[in-house]
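User: Please take a close look at one helix of this model and at what surrounds that helix. Start from the chain as a whole, then go to the part.

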Amino acid sequence: MASINKLLDKPGFGIAILRIVVGFIFFMHGLDKFNGGIDGTAGFLSSLGIPAPTFMAILLIATELIGGIMLMLGLFTRYVAVAEAIAMVVALVTVHLDAGFSSREGGYEYVLALIAASVALVLLGSGSLALDNLLSPRLTGRQITARA
């Protein structure tokens, strides 16, 4: 029981859970678009009036698919989370906002949660169990302390 309490007192593990789950969601969302084909995604983006729809479809699929993998691994978490948040803000404005709140009706409920989770990762860093820990304390959100 004491070891569980010790684990629960570590916010880095909570951040890691958030990062891994959000990364998995983005990965699966991107995989769905990838399996549906770039042309299908480009056609949808074109119907929304998005310029350069084929290029934007490739960018969107890469952001969700590769970005999702990077989030799960905790690699450049803050930068990837910015890209994911931007993608979700575009989805919010172009697709979901007019449908109201409920995701059942195609509303912005789900997209808003992903925006909030992405922004939280930008602010908090990658937490524990992340490749960012091997690269730089700034990437993880850890404090840099001076050594005596």
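Analyst: Of the 148 residues in the chain, 34% are buried, meaning under 20% relative accessible area with a 1.4 Å probe and protein chains only, where over 50% is exposed and in between is partly exposed. The model is predicted: local features need pLDDT of at least 70 and side-chain atom pairs pLDDT 80 or more, while totals for chains, interfaces and linings use all residues. Residues are numbered from 1 along each chain as its sequence is written, and side-chain values use heavy atoms, with hydrogens and water left out.

The secondary structure comes to eight helices and zero strands; helices (H or I, at least four residues) and strands (E, at least two) are DSSP runs numbered from the N terminus.

With 21 residues, α4 reaches 29 Å from its first C-alpha to its last, close to the 30 Å expected at 1.5 Å a residue; the expected span is 1.5 Å times one less than the number of residues. A kink of about 25 degrees is centred on glycine 67, the bend being the angle between axes fitted to the seven residues ending there and the seven starting there. Just after α4, glycine 74 has a positive phi of about 70 degrees.

Gly67 is also among the buried residues of α4, which include Leu60, Ile61, Glu64, Gly68 and Leu71. Their cover includes α2, α3, α5 and α6.

Side chains of opposite charge can pair when their charged atoms come close. The structure holds one salt bridge, defined as a side-chain nitrogen of Lys or Arg within 4 Å of a carboxyl oxygen of Asp or Glu. Glutamate 64 forms it with lysine 33, and the closest N and O atoms are 3.0 Å apart. Lysine 33 lies in α2 and glutamate 64 in α4, so the pair ties together parts 31 residues apart in sequence. Both partners are buried: glutamate 64 has a relative accessible area of 1%, and lysine 33 has 18%.

Glu64 is also touched by methionine 88, whose other contacts (heavy atoms within 4.5 Å) include Phe26, Val111, Leu114 and Ile115, leaving aside residues up to four places away in sequence.
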